[in-house]
Amino acid sequence: MAGRNKHVVSKTSSSLAIVEANPPANKIIPIEAPIVSSYNDRIRPLLDTVDRLRNLNVMREGIQLPTIVVVGDQSSGKSSVLESLAGISLPRGQGICTRVPLVMRLQRSYSTEPEIWLEYGDTVVHTDEEHIAKAICAATDVIAGSGKGVSDAPLTLHVKKAGVPDLTMVDLPGITRVPVNGQPENIYEQISAMIMKYIKPQESIILNVLSATVDFTTCESIRMSRQVDKTGERTLAVVTKADMAPDGLLQKVTADDVSIGLGYVCVRNRIGEETYQEARMQEELLFRTHPKLSLIDDDIVGIPVLAQKLMLIQATMIARCLPEIVRKINEKMENSVLELNKLPMVMASPGEALMTLMDIIGSAKESLLRILIQGDFSEYPEDHKMHCTARLAEMLSQFSDNLQAHSNDVTVDFLMDEIKILDECKCVGLPNFIPRSAFLAILSHYVDGIHSKPVEFIKKIWEYIEAVLIPVISKYAENFPQIQSSVKRAGRNLITKMKEQSVNRVAEIVEMEKLTDYTCNPDYMTSWTEKTASQHSFIHAVLYDEAKPENFSLAGFGEVKISHLRKYHAHLLQQAYDMKMRIASYWNIVLRRIVDNLALFLQFSVKNLVNALFQKEIVAEMVDPRGGGGVERMMEESPSVASKREKLKKSVKLLKESKDVVAAIVDQNSGYGGR
């Protein structure tokens, strides 16, 4: 491998140095840590922007930021990779070392004194480089318990010191299938769910840590990452423990049987008590001199190469995601501002409260006018219950059909009611006159038979209108939960009053039909003439037909039984028949008239409700102190609304600050993601 440009990494104070393999006079070229070395004027502003967004905690608004997520099977060497990248010590040991998501936020500092602290929940724990591992273990025990269990509550490690980049990486628990040493039985399911939560967002960069000692195709971490990143475009693989399994490693990383779109980087883990300087020197020496590992290209070996790849990949991802982040920020800010503006203003006087109440009731009135009278359903396009003119027409049509379908069974005991009434209404007079009292008695009997139907119908109508009115009132008063119950109660009281008045009016309409027999409708005479045309043949069949038939087919009535009528005189039968035909012809007109009157009364009542009574009655009840003082209560902002207002204000403030952060950088880097 002559001509390979190999370097040995040594440490000078807080920075790293690259020592050329054959430098003149053993020249040492100081540089910063490997990740920092890949910064440039274009990348640094991108990373600064994302870091500022993280400091603003924009992710709590549901906006994902590009993040390096480190996953791997148990004991694959994940923590060792992070240690090498960040130059800090993490907990080590047997079994699961990482039991919670460890969010490592590295921030470059120009101070000579490093600042290191942990955050979890509301707790902040300051520590130092020597005690980082111990502090992480203690915090993990608080979060996940002192046993072997895991938790998806994150632990954030802040490291501010010279020589580290502004970079965020998340180390997740290693994947284990079989619980051991007191681990929960569902340890695999817990860890899998945690990993999927972090790697699923398209903004996540998956750093999949694979041990060179295993078959990559059998790794559980590979299976999981492929579920959310099928093409591997977000996945970079780090192959650890290269020194332990050098045979065939070149073929494994070049064949790419597991679709790692961002490629592989082979590294050597820090062993024992090696310093980071010693570990990097041994790594460089291994890949330069090993007969098999030296065949692997320089651009995919070593921690410095991994650091450079991560920085370039993350910078590209940030540039690609920034326009979408801006879009989401704008969308969420617009929604938050809109929602904030929908909240009721804080009222300082009864006058303001009364005006607001008038606005609420006025808006509800306009809505009711549209849906109850004008047939405008644009406010509730999918809610067919609120398409009121159509529903009212359907209910009226069903009532009409039901009312006119109601009739006494006249095929049995035909004419017997008429004969009985005529017998009771006899008087001294000419024999060929039908007493009017007999006709009215029959008519009254018919009306009593259907009296409850119109009343039940109008009750049903007002129950439906109530079911429409209350949601409309609630909708326009939704920002004032403190008066919701009062305004709905006022609406129900109004409907109850309207229902009582309507029931009384409908009962009068029906009762009027019993008082007199009158119509100017010419259909009455036409129908009566047609029906009486069969009188002669009917009487003949009853009294004179030698065959003495049991039944007689009569137009409009069907087959009627007549055998029971043979004991009556022809004169009485003629009168009973005539009265039957008169009442049958008139009754159809009565039924249609009842339906027409109810239809007109319904239209009048609904319009009167919306145009004249609704606003006046409800406002009057709301301002009445005996009704609970609704206006005064409007001045008392409910705790839920106050909390929502404060939350939205904070959200808008955060999103505005986030928008300002990314505004300048987007145009500058709009073309970077595609390069």
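Here are a few friendly notes on the aromatic rings of this predicted model.

1. Let me start with the overall tally. With ring centres required to lie within 6.5 Å, the count comes to nine aromatic pairs.

2. Phenylalanine 399 belongs to helix H11 (residues 388–405) and phenylalanine 457 to helix H14 (residues 452–476), so the contact ties together parts that are 58 residues apart in sequence. Both phenylalanine 399 and phenylalanine 457 are buried.

3. Next, please turn to phenylalanine 414 and phenylalanine 557. Here the centres lie 5.7 Å apart with the planes at 70 degrees, and the pair is therefore edge-to-face. Phenylalanine 414 sits in the loop between H11 and helix H12 (416–424), while phenylalanine 557 is in the loop between strand S13 (551–554) and strand S14 (558–561), so the pair ties together parts that are 143 residues apart in sequence.

4. Phenylalanine 557 has 14% relative accessibility; since buried means under 20%, phenylalanine 557 counts as buried.

5. Finally, two lysines are worth a look. Lysine 252 lies over the face of phenylalanine 216, at 4.3 Å from the ring centre. As for lysine 475, its charged end sits over the ring of tyrosine 380, 4.9 Å from the centre of that ring.

Methods: Residues numbered from 1 in each chain as written. Predicted model: local features only at pLDDT ≥ 70, side-chain atom pairs only at ≥ 80, totals over all residues. Heavy atoms only, no water. Phe/Tyr/Trp six-rings, centres within 6.5 Å; stacked < 30°, edge-to-face > 60°. Helix = DSSP H or I, 4+ residues; strand = E, 2+ residues; numbered from the N terminus. Buried < 20%, exposed > 50% of the residue type's maximum accessible area, 1.4 Å probe, protein only. Lys NZ or Arg CZ within 6 Å of the ring centre and 35° of its normal.
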